[in-house]
Structure formats: C-alpha cells, structure tokens
2 protein chains.
Amino acid sequence: MAYGYNGKILRVDLSHGTLSTEELGDAFYRRYFGGRGMISYFLLRELAAGIDPLSPENKLIFATGPVTGVPISGSGRNSVGAKSPLTGGYGEAEVGGYWGAELKRAGFDAIIFEGRASSPVYLWITDGKAEIRDADHLWGKDTGEALKTIREESGERFARFAGIGIGGENLVRYACIINDLKDAAGRTGLGAVMGSKRLKAIAVRGHEPVDIVDKNVLLALNRKIVTEFPGFTKNIHDFGTGATMTKYAQNGNLPTRNFRDGNFENPEGISAQTIKKTISVGMDSCWACGVRCKKVVKLEEPWSVDPEYGGPEYETLAALGSCCGIDDLKTICKANELCNRYSIDTISIGVTIAFAMECFEKGLLTEKDTDGLKLTFGNSDAMLKMVEKIARREGLGNILAEGTKRAAQKIGKRAEMFAMHVKGQEVPMHEPRLKWGLGLGYAVSPTGADHSHNIHDTDYTLEEQMRPLNALGLSEPLPPGTLGPKKVRLFTYLSIWRSLYNCLVTCRFVEFTPTETVNIVNATTGWDTSVWELMKVSERAINLARLFNIREGLTADDDRLPERFFQPQTSGPLSKTALDKNEFDKAKHLYYGMMGWDPDTGIPTRAKLEELDITWAT
Amino acid sequence: MAYGYNGKILRVDLSHGTLSTEELGDAFYRRYFGGRGMISYFLLRELAAGIDPLSPENKLIFATGPVTGVPISGSGRNSVGAKSPLTGGYGEAEVGGYWGAELKRAGFDAIIFEGRASSPVYLWITDGKAEIRDADHLWGKDTGEALKTIREESGERFARFAGIGIGGENLVRYACIINDLKDAAGRTGLGAVMGSKRLKAIAVRGHEPVDIVDKNVLLALNRKIVTEFPGFTKNIHDFGTGATMTKYAQNGNLPTRNFRDGNFENPEGISAQTIKKTISVGMDSCWACGVRCKKVVKLEEPWSVDPEYGGPEYETLAALGSCCGIDDLKTICKANELCNRYSIDTISIGVTIAFAMECFEKGLLTEKDTDGLKLTFGNSDAMLKMVEKIARREGLGNILAEGTKRAAQKIGKRAEMFAMHVKGQEVPMHEPRLKWGLGLGYAVSPTGADHSHNIHDTDYTLEEQMRPLNALGLSEPLPPGTLGPKKVRLFTYLSIWRSLYNCLVTCRFVEFTPTETVNIVNATTGWDTSVWELMKVSERAINLARLFNIREGLTADDDRLPERFFQPQTSGPLSKTALDKNEFDKAKHLYYGMMGWDPDTGIPTRAKLEELDITWAT
C-alpha cells in the first residue's frame, strides 16, 4: 500500500467505546475502491438484513477514493454510507470540501462506525491517532458552534469537521452531514444515522501528504483544468451552479411549484448571476481545486446570513425557490444557512415543503395542521418557518421530517400523488419530462432520485459533444425526448462511467476524459489500470448496491417515477408533452438486460455476479 | 480517413469482371475494424443464409486492421474470411508475412471478392489501381511457380502474393491461402473458396507508407519488443515455435497418435532446437517485425526442400509429426513444403491423416482403401504419400480431402470417435485435457477448433503472470485443471481480449499490454480509444460471428469437444485424468451467461445486441 491509499481502515465501536484498525491489502482496494465500492462492500458484508436504519445495528461508513487528497482538482471529497432511514435501502452521499483529503493526510482511508454511544461523542483524529471524546456540551448546537468549540478545544484551528446539527440529532429522515460549514453529504438521510449513533462530529487533522507515484502527471492535468476549463467548468468557475436558471425556465427543466407547473415567473431572481451581482462576497474552493465553484453570500438584513455557511447551490435555489414557488433570494439564502446549521438536506426539505404547499392548496392540510401558517406556494416566510419546524420536529414539522413518502401516507391517499420521491427520496432539480434519460436514472439509482447518482445528460445532439465519450464506444448524438434502445445504450454506458465518480469520490464538475481519468489513477497509485477495469469496478459497486436493496426487499416496482412525470406540466414549454410510460417501462427493462440483470425482475443474473466475482454477496 | 486506414474497400465481381471501390467512413471503421470486425460485418450483411460455401454466392474477404503496415512488430498480417466449406459456418483465418502491409501501402484496406470467374484469373493491385488478369497459365501450378511467373510478368520483383496451389484448386475443404510462400491463412478452408472462385492469386505492390499520427510512440514501443522481448518472444526469436516439444511431451500437451496417447517417444527429434542444429538455414521475419520467429529450412536429401517455402511451425511439427506418431523431421519438412506448394492447412491435413491411421489400425480402413499403403502411425512415407493423394484427391485422398468429419461419416459410425474436430474443423496441437480453458475455447470458437481463435492459456499460477492482465481486472492466479466460475471469468475476459488480435489483425506472438495496445492504436489513428472501447469492438465481432453461425443452423450443441477429451490418454502424464464433462458443460453455459447470451441456448440476448448496437444483424 505504498501509494494513493494508506491501507488503514479505522473501525469505531461506539457502543463499547473501542477503536481498531484493519488492513485489507491492495487487491481489495483495486476491486472495491472508494466510495460506492467500499460502502457497498461493507454494508453487504456486515449488516444483517432488515435492521432499522436508526438502530445501533446500522453502520455509518466514511470513505475516501484512491485519488482523494492528491494535488488535482475535484479530489478533496469523501463518501458517506449506511442503510438509509429515508429509503430503507442503500444509502450513500458524497461531499466536497477538505475533510476527505484531511482524513487521508491523517493516515486513514475510511472509518466504520458501529453501535450507539451511551451519550453524545465526537471522534478526534490526528496523524494516525484517533480518540472518542465527549460531546455532551455540543449536543443541540449548530454545526458552526460545534466546529468552533472543537477547534478551540483541540488547539487545531485547521481541524476539518464533519458533523451534524439538530436536524441529525432529531433524526430528520433527510438530515445530512455537513463538512466544515458549507458542504453537505446531503442525500439519503445519513445525518439521521449519525444522530442515532449520538455521534456529533468527526474532526480530523493530518499533515502527511498522500503518497503518489508521479506528481507531474497530476500537475499537468490539473493545469489543463484551470487553463482550458473543459466542459462547463468555466461557467461554474465564474458563477457557481445556478447560472442556467433562465434557460431552464425556458426549456421546462426548472421544477416549479412541486413539479406541477412549467412557468416560473422570475428565474433571474434566483440565479447565480443575480447572486454574483448582489449578495455574493466571493467564491470558495474545495481541496486543491482550480474550479472554485462555491458561492459565498452574506446578508445583514432582513436577517443575517453568515458567510461561514457558504451560499446556495443550484439544487437549493430551485428546491427552496422555484419548487416552492419562491423567488425571494434572501429567504432562500437564509433557509440554506439554516439547513447547514441544522444539517438538513436542502433538496429533500425543499421538495417536502413544496409537497406540503400543494397539499395545503388542495385542502389536504389546513391552517390547523400548520399552526396557522398560510403554507401556499410563494410564501417565503412560511417556507422559512417550516424549515425551523422540521428541524425541531414541531407540529406539522414532525410529520414532514419523515419525508414526502411517509408524510403522504399520514396525510392520506390523495396526498400521495403530490409526493415527489423515488424509493422515498425526494426528486432533485432536473426535469424527467425534459430529460428522459435522467428520469430513467432517477428511477434505477440505488439511492432513489439523487442529484449525485445516475444523473447525467443523455441528450447530446452534436458529434462534438460525443467526442469525450468516444473512448467509451459512444459516438452517435441522439435526439432528446426518446428512450429508444440507442438512448438506453448511451444511458447504460454513461451510468457505469458516471458511477465511477462515486467510486473514485471525485467531483463530476471536474470533467476529465476517460483516458485522463486512467492517467490520474495510474499516476497516483502506480497501477496500470484501464477504462475497462475502472468500468468494471464501477459496475461491481452498482451491482453490490443493487444486491443490498434486493436484500432489503426492494424490487423492480420500486424503480419507478412519480406519476406526475407521465403527465404534462400545467403550463410552459412541457405543457403538451410528458414522459411516455410505455417507452419508459420498456427502457427500464432493456437497461436491466444490458446490465446483465434479469430483464423482468432486475435481479443480477448468476453469470453477471460470477463475471464480477461477487457471488459472495448473495 | 486521414490515418491508419485508407478508407477504401475494393470490391471485385469475378462473375462480371468488374471492380469498384467503396468508402464507409470513420464511424464504420471504429466500430467494425480489422479482420473479424469487417469480415463478420460483410458476411452477415451480404451473404444469403444457407448458401453453399463453394458456390459463387459465397464471398471471400481479405481485410487489414487499423494498425496493419505501421512500423511496429506484428503488424504485417491480414485476415481472410468467407463462409467456411469446412464448418459450414463462420470462416476466418489470419496470416503473417508482408501482404497485409503491402495492400495498405497500395491504397486499400480490404477486398471483397464476389461471384466466380469463368476461367482462372488473378488480381493485380498496384498503388490504388486494380486489374483482373488471366491466370489460365497459372492454374495447376504450385504457389511458388505462380508467384515467380506473376513477378516476372509484372516486372515487380517485390510484388507480394496471396494465392493457392492445387489444394485450393481441387477444393480440398481445408485448403489454405499462402502469402508469398511461407505464410498460411490456414484454417477454415478459405483456399477452397478461392479455388471455387477460380481466383489463383492476388498480387500487390504498394509504395505509400501508411499515414500515422505519432510515429515516435510506435518506434519506442517497438524498441521495447526487440530489446526486452516481453513474454515468450525471446524464445521464439531464438528458435521459432516448437522449442517446447520436450516439455509438452512431459506434461501431456503434445498430441500423439491422434490424441490417443501421451507418450511421444522422441520429442527432441521434431523440436525447434533440433531444426536449428541440423537443417536450419536461418530465421525469417514478417513486415517490420523484430521477433523474427520464422524458421527457414533446407534439405537436399532424401529429397530437396526448397527454403523459399520456409520451415515447419510447431503446429505443423506436431500435426504431421507426433499426431501421426512420426519423428522423422525431414519427412515433416517435406510435407510442410508440399502443403505450402499446394496450399493445404498443415493442421487439418495432419489430424486427418492421423485419423485415417487410427482407422487403419482399427481395421476401418484397409490396404484396399489406401491403394496398398500401410497407413499406420509412424509410417512417414505413407504420410507423405497421403499428402499428395489428398492434394490431388486421389483414392482415399478424395475422401480425406473432405476433412475428418465428412470422412468419418463416409467410413462409418465407428470412425466418428476418431474424428478430432470441433464444428468440422480439426483440433490443433494443444491438449484440452491439460488446458481446460483452452478446451472451452476450442468448443466455443466461431470457427471451430482453431489455433488462432480463442486459444489462450488460462492456467496462470503466479501473480507475476497476471500482472499484464491487471488492466483487464484480472489479478488472481488460478490452479490448472479446473473450469470453475473464476476460471470461466478469466477465460471470458481473455477470450474477448485475445479476439481483439483477430480484429486488429496483429500477431499474438508480439505481446503488448492492454495499455500499450491502446497507445499503438491511438498513435496510429489519432483516436482517443480505450481498453473498454477495444474490448467492445472485439465483443461486437464475436457476437456477429456467432450470429452468423446461428443463422447457418449451428446451436449450443455444436459448441462441443470430441468425446476423446473426456477420457484419459492411454499413456503418459494424462493417463489418469481427463476433462470433466459435467464441469465442462457447466462452464460452457456460464460462459454464455457472462457473454450476455442465453445461458441455455447460447443465443445473444436482445439486450446484448442492443448494447453492442448490432440488432441490424438479426
């Protein structure tokens, strides 16, 4: 284990307060590397089927990738995984910032938390040593306060922090984990798992650079990123995410009023350009990254928004904005800050509030349910209050803290058609009625609808756009608005390729070509890998995640989209068109077949499991 | 089409004496490149199902690969394909020498012959021009005489020749096509197809170097071959093939007396080392190759053997030697020379004669059938006489010219157990009872048992041996003598990888790693390809070849080995062990599944065809 990885995995038994390390060797890392690789491996190996995700029997895994912490853009991230309290299936989220790189520099590749502490604790790691520390005094505190206190206590002002606020503590089912104060391992409710374990934070300080084989290869490739800005990185370098609001409003891609409508009136009002012109105080970065896409905003009225908590990403601007019918940028920024203080996923909370707004407008919820709040689309004050109520599980907030799927079950049958989720996870901010391949991705992602898993454009209309994909054997641009076999083929290859980002734990905003990716992995690890081997690692991880879901009772029937996506939007550019259900179903089953799964059931065939050498997992 | 390929395919209608060229564009070449790619594409597209392989309806295709003719070892080869008169299915053979490189340098990537000439002709090609010329005066002549005459007629003493002798003219079902005088497109009877078209030869002279993007990359990689001799190339550089005779005799790999026995008494007598010490007059090479593995031998007594016809390869030494129980090196060399003169595959003729010898010893053939020849194992004089009789279709030779499968059907039921063929093609000179993976390869190869298709060692016992395969995701050495799921996985990946050689039309004796192979293709073509894309090209070609066979009526039942391989050898190291039939069958069906074929029928699933984007082929 000379390069890339340390070879050490830290295991923390919170029930017994014990720590241990284990070493699994190069062959393990090469087959199951990084986020999805390691997480799916350990969850399948170590969790009993059918456990309660919020019980001590769940395990919470923090994992880095083979290139985490190397001097190249997009390599500062880490993955977190557990059985998801939101979906009941495979839970996994990735997060940017510095924490992942810091963990590697502190000598560990991954941490597995087991059990539940008898009282709140945090984990302190520095340069190969780890220690469970008391966190009674931090429980109930915002992430920012916890971070500040830990840094003061340790005397390490550059310690990196991954932790939860009251959202996680109160087991909000879509609570996230916040890295430092700006970056969220957002999806699948991993903050609630952390809360259930009474684990407030993991603070890390490391000083050892990651061993790499050929730094010059990495530096040269990184130079390309910051001089050529390939793909759309120049745009997010300049504005961050959310600079395409107007375009999206025009083409129907901007979810509006709980995905009901297609005419958001003021997209400019919530755009990254407007932020840049008004409340931005600069751009921030993740570890070693030349893209620097992270907005920072500051507000002093009508309330303060602390720039330490960063600024809203596109997903947040749309989920708490257009999806709730809101164009009040300042309120969105405040809600974003609160979510980061409390450790709550902005996508799920936005879509859940939008769901409640639609229920309210339909009379399924009344002011009696909302403690007098007029929970209508566009009411930014009510939205902000609901964020607080959800974080504290107060009143209706206690129901909405369960997510749209469970909330709808409580509110009643008629509410279910407004619950925009897949497998229990709320749908992120791109429109399946516009991007059919994306819709298929939402449906079959092991984590449910997810903005970081299985989301990729399959609507390339120019040969030039296909060029970086040629190495995957893809060259033919295809028209949008279809899910024919060629589109499914494109989708399948791309979903394996993009899922590799979840294994490498690299940023999908930093677009290296397949060949460059191979070069990065080789220059780091000293392997002689290939696109083939990397695709197989990714495919292996996808199959393991699927096997986990199958073990937990999920079936092909769970690979489905909300009914709404098969009906047109009520207005706007997609008011005459929707996803074709028949074509969608055919595409789904063809995807199963292309993956080597039973075309009907979506269960991996024995031959596929043998081919990937993972029959141990069944 | 700036690089690697010319972009021009020559079509020759022999029935009408017309020539045309067609251009199919870069997208075609990138998906269906080279030997197996182009040949399977054109055969499926253009042949009607069920045609007689020796009728004018068959087409004969000569194809080069994307790197043919570039300055790197192993790149001088070409492929030939047609519906096989030997198997009735997909026919394809590769051949070394200079002809492939010369065709590229003359401006063409491939030639498709259609129809049948009314009288013998040959094709003359020089620098972008092609011409059908009369060959009445060449018909009936040895390849050497035809070559000499064509060179004299054309005034081009460096013209390269691919042609047939009387074996092809007389439609011996395993007639081959001889490049110049030493190299054979040996298998599947393509020389008979050439004979049926009354096409004596294709002579080529070209002066244009193949356009390549980065010559330096190629030169550097080539330097590695001739300085480091990776793999086993040093051995064949020094001795050529056949230097492992003694080892093979010791481990049971040397087919002896029609695969019956395991104790060949004098392996040294027919070894490459003995040739080097006695009758060798040096080593020869193919185009641009630093390995120079081609033996040249010369004899003056008891008969002359002309060094212009090269020397025997391992397959020839074993097929006409040990397999016939013969250790008389001089007779083997004479038989080899005759086969090259007459254009007959030395493997098939050797195994066919061995079959006849066993029939003779069992009394199924008598001296009445053999015109008085004592056709016993070890009778080298009888062997040589049978070569002549087969080439001329005289007496028993007329039956044996049909190959073991048809001959056994004529001789009678009891003879069938001695017919060592798969799908009608005679088994080459490695032992499935020793190398179980090789046996599976023989069984499932689209061409039947074939020394150039699907043959690869799967018995790697050291991690070091696995290292070049790491890039394919293979790292675990596996014990020999099993066909368990891990072995089938290794086999499946390797069979796709090695089949790529049949697509690239490069020499499997020149072992570049997967990464180096990608670099060679990129440096030639300017593509940004990957191991993934190359594997998919190969997989596509394998599937097309399989679809061709299915269309011609072949089923999973034809993917089988002769019964003898499931019984021990009568003596020697494998006298107590044989292939396990149950394990073999399970492995075959698992291989189907891993390939994305129906596990029972071996028919490619719709999803696999969609994934490879070849549904047009069904």
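Predicted model: local features only at pLDDT ≥ 70, side-chain atom pairs only at ≥ 80, totals over all residues.
Two packed helices are described by the angle between their axes and the distance between the axes. In chain B, the pair considered consists of helix H19, residues 485-504, and helix H22, residues 581-594. Their axes come within 10 Å and cross at roughly 50°. The crossing of the two helices, H19(B) and H22(B), is right-handed. On the side of H19(B), the contact is formed by Pro485(B), Val488(B), Arg489(B), Phe491(B), Thr492(B) and Ser495(B). H22(B) contributes Ala587(B), Leu590(B), Tyr591(B) and Met594(B). Sorted by class, the residues in the contact of H19(B) with H22(B) comprise seven nonpolar, two polar and one charged.

Strand E12 of chain B spans residues 199-205. Seven of its seven residues are buried, so E12(B) is largely enclosed by the rest of the structure. Two pairings of this strand were examined. Strand E7 of chain B, residues 121-126, runs parallel to E12(B) and is joined to it by six bridges. In E12(B), Arg205(B) is the residue that Thr126(B) stands opposite. Strand E9 of chain B, residues 160-163, runs antiparallel to E12(B), with four bridges joining the two. Here Ala162(B) stands opposite Ile202(B) in E12(B).

Methods. Residues numbered from 1 in each chain as written. Chains lettered and ligands numbered in written order. Heavy atoms only, no water. Axes fitted to C-alpha atoms, helices over the stretch in contact; angles between N-to-C directions. Left-handed = near helix turned anticlockwise from the far one by under 90°. Contact = heavy atoms within 4.5 Å. Nonpolar A, V, L, I, M, F, W, Y, C, P; charged D, E, K, R; others polar. Buried < 20%, exposed > 50% of the residue type's maximum accessible area, 1.4 Å probe, protein only. Pairing = 2+ DSSP bridges.
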